[in-house]
Amino acid sequence: MTSNWINWVVLGISVFVLVALGLISSRRVCNSKGEGGFLLAGRSLGPVVGAASIVATGYSGWGFMGSPGVAYKYGTIEILGNFLYAPAMCLAVLFFASFLYRRALKMGSLTIPEYIARSHAGSPALTRFIHGFAALATALLLLIFLVGQLRAMGMLGASWLGISMNHAIVLMIGIIILYTTLGGMAAVAWTDTLMVAGMTAAAVFIAHRIFSDVSPTELLTQLEAIEPTLVDPETAAPYGDSRFQVFMIFPYAFLFSAILPYMSIRFLAFRKDVKIHQVALIMAPIACLLSLVPIVGLYVRIRHPELGNADNAMPYFLANFVSPVASGLITLFIIFAMKSTASSVLQVSSSALSHDLRVALCPNRHLSQKHALRFNRLILACLGGVTLLMTLYAPPVMLSLFAITATGTLMATLIGPVLISSFLPGNAAGALASMVTGFSLSGGLLLFTNTGWVEAPLVGCLVSSIIYVVVSRLNRMETLLVGKPQLLTLAESGSH
């Protein structure tokens, strides 16, 4: 690797750029548009920035650190699974982004939990309760996801900067808090655009480096010599018992992109004139290139079959198979990838507490734009500190398991009131029953059974969706949304 002082200089320059973007976004968007500017970038994202932000957030620590580790341990099944994300993410944007944008705009919703509460009829006390429940579930589960992101950054940053893992974690979360508190969603989206350029360049370089050394055919031959199931798996482990269960990643990735608040919140932040098909066309090639990264795990497996920790596949590759300069730059780009998701998750988690929980608990207490903005920033900084403590004391778990447990459970929690309601509008009782069911079932399957990583969340999604429809029908409450503008369904929605 390059000398540590050079890496520190490179990091310092990148931090300067990130903070500068945070300051610019604060002046142009946050300070002029108040809470909506901080939470939704003033609905100012264009197709390029929006597409870059979605892809950068979707392909993050799990893509550059966790996924190579899974490929190292389980083989080519992870390569197939990773490539399913690109079409699924694009389809989610084409299918759902415009609808969610139009409906949330007409209801005046600034967050996904607020969207859930305002789109489901019920008594004021019940709608406030589901608003608060959705906010707490979002904050809790995304913080668990953020722990995995920070741990991945700590692992990589420690070797890159020549410091301890804990010191690297403290440094990374400090940087993220700094620029995210300055500019909110605008800072997150604009920095994502810069980051995804580096991420894509790194993916192309990695693929070129590996296939310049070994052809795809030779790579598979050597993997098969180590362990035949690495090439011809008997199961879809860690995603399920049957080989074909790997294709469940496609619906999982679709739901992941359409439902998870740190992804779908970008749908609410587009400009009015954005054409969604343009966003998808920009996303597609970038996502496909980033799907090449798990090949690192296969390459390291044939070169060093006895790697102690599978999650170290990427750091080992950078330390032993690329030049010091390239290693330093790629490490920076990978840290960028993880920062893009970490900043998004931290921003959405904090908004769930600073905005959603505040509105749910004190609906009649309105803060001025200035005070609301200050409160959002304060909660974001405090939540960053809480996440730091969680990361330092969390048990050692595979990075991908952190991601799947948190995002899969949150997906099952929110699918009914966010996605199913687009076709079959329900009421507050159905929304609450669905969220509680999805939270407990998906989380329980992932934590206490051997159910596959993708299978468990999908089972939770299916059952919670059924509960949403059945309870809403049995309750026989008035299911009309508050006001005619909110009666829009997905079938009635058009493009921007």
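Select Ser465 first: in this predicted model, Ser465 is buried, with a relative accessible area of 12%. That value counts as buried because the cut-off is under 20% relative accessible area. Displaying the secondary structure places Ser465 in helix α19, which spans residues 455–475.

A polar atom of the Ser465 side chain lies 2.7 Å from the backbone oxygen of Cys461. Then show the surroundings of Ser465: leaving aside residues up to four places away in sequence, Ser465 touches Ile415, Ile420 and Ser434.

Now turn to a pair of helices. Two packed helices are described by the angle between their axes and the distance between the axes. Select residues 165–213, helix α8, together with residues 324–361, helix α15. The two axes come within 6 Å of one another and cross at roughly 140 degrees, which makes α8 oblique to α15. Angles over 145 degrees would count as roughly antiparallel. The crossing of α8 and α15 is left-handed. Colouring the contact between α8 and α15 by residue class shows 21 nonpolar residues, seven polar residues and two charged residues.

To view the buried set, select Ile295, Val296, Gly297, Leu298, Tyr299, Val300, Arg301 and Ile302.

Definitions and conventions. Residues numbered from 1 in each chain as written. Predicted model: local features only at pLDDT ≥ 70, side-chain atom pairs only at ≥ 80, totals over all residues. Heavy atoms only, no water. Helix = DSSP H or I, 4+ residues; strand = E, 2+ residues; numbered from the N terminus. Buried < 20%, exposed > 50% of the residue type's maximum accessible area, 1.4 Å probe, protein only. Polar contact = N/O pair within 3.5 Å; in protein donor to acceptor, adjacent residues only side chain to side chain. Contact = heavy atoms within 4.5 Å. Axes fitted to C-alpha atoms, helices over the stretch in contact; angles between N-to-C directions. Parallel < 35°, antiparallel > 145°, perpendicular 65-115°, else oblique. Left-handed = near helix turned anticlockwise from the far one by under 90°. Nonpolar A, V, L, I, M, F, W, Y, C, P; charged D, E, K, R; others polar.
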